[in-house]
Amino acid sequence: MTFQRIVIALLVLIVAGLGAIGYFEWKTAVQVRTLKAFVEGYVFNEAVAACEQAKSSTPFKWNGGKSTSVIGLNSVKLDKYNVSASYTLVADLVYCDYDPIKRKAEIGSSFLERE
């Protein structure tokens with residue numbers, strides 16, 4: 001009888017622990033989505049201005065473009081200490097990667113091939 005009570009108590013603790021882990025993971029995910037949305041909103045105007053002013057053989061026209069979309073904020077961990085960020089916009093099938101740290105835009109570039 002004592003063994004059964006111990007097993008049931010352990011199962012209840014395991015279920016409660018898994019529930020707590022799930023709750024905290026959900027709360028963290030909500031906070032990360034909120035932070036990402038805030039950063040994307042903050043960077044958007046700078047990205048559009050930099051992309052429209054970037055020199056390229058194919059002009060980037062966000063304002064007045066027929067088909068525009070935001071791919072969003074991306075990041076790649078280059079090594080243990082460096083993370084490279086990019087905010088990508090598409091206007092009339094012309095891709096523009098904006099680096100919010102360097103405040104520099106590149107049209108038609110591949111984010112993964114950038115320095």
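Modeller: The protein's secondary structure comes to one helix and four strands. Helices (H or I, at least four residues) and strands (E, at least two) are DSSP runs, numbered from the N terminus. This is a predicted model, where local features need pLDDT of at least 70, side-chain atom pairs count only at pLDDT 80 or more, and totals for chains, interfaces and linings use all residues. Residues are numbered from 1 along each chain as its sequence is written, and side-chain values use heavy atoms, with hydrogens and water left out.

Colleague: In what order do the elements run from the N terminus?
Modeller: α-β-β-β-β.

Colleague: What radius of gyration does the protein have?
Modeller: The protein has 23 Å, while a compact globule of 115 residues would be near 13 Å. That radius is taken over C-alpha atoms, and the globule rule is 2.2 Å times the number of residues to the power 0.38. Along the principal axes, the C-alpha atoms fill a box of roughly 80 × 30 × 20 Å.

Colleague: How much of the protein is buried?
Modeller: Buried residues are 22% of the 115. Buried means under 20% relative accessible area, exposed over 50%, partly exposed in between (1.4 Å probe, protein chains only).

Colleague: On to the sheet. What is the strand order?
Modeller: E1-E2-E3-E4, in an open sheet with antiparallel pairing. Two strands pair if DSSP finds at least two bridges between them.

Colleague: Which strands are at the edges?
Modeller: E1 and E4 (104–107), each pairing on one side only.

Colleague: And how do E1 and E2 pair?
Modeller: E1 (residues 68–77) and E2 (residues 83–91) are antiparallel over nine bridges. They form a hairpin with five residues between them. Val76 has Ser84 in E2 as its bridge partner. Gly72 stands opposite Thr88.

Colleague: Where does the helix go?
Modeller: H1 (residues 2–53) lies across E1, E2, E3 (94–99) and E4, at about 60° to E2. Axes are lines fitted to C-alpha atoms, for helices over the stretch in contact, and angles run from 0 to 180 degrees between N-to-C directions.

Colleague: Which residues touch the most other members of the largest nonpolar core?
Modeller: Phe60, Leu89 and Tyr98, out of 15 residues. H1 gives the largest share, five residues. A nonpolar core is a set of buried Ala, Val, Leu, Ile, Met, Phe, Trp, Tyr and Cys residues joined through side-chain atoms within 4.5 Å.

Colleague: What is Phe60 in contact with?
Modeller: Leaving aside neighbours within four places in sequence, its contacts include Cys51, Leu89, Val94 and Ile107. Contact means heavy atoms within 4.5 Å.

Colleague: Back to Thr88. Why does Thr88 count as buried?
Modeller: Because its relative accessibility is 6%. Thr88 lies in E2.

Colleague: What does its side chain make a polar contact with?
Modeller: The side chain of Asn74, at 3.3 Å. Another polar contact, of 2.8 Å, joins the side chains of Thr88 and Asp97. A polar contact is a pair of N or O atoms within 3.5 Å; within protein, one must be able to donate a hydrogen and the other to accept it, and residues adjacent in sequence count only if both atoms are side-chain atoms.

Colleague: Is Asp97 buried or exposed?
Modeller: Buried, because its relative accessibility is 3%. Asp97 is in E3. Asp97 and Ala47 are 50 residues apart in sequence, yet 8.2 Å apart in space, C-alpha to C-alpha.
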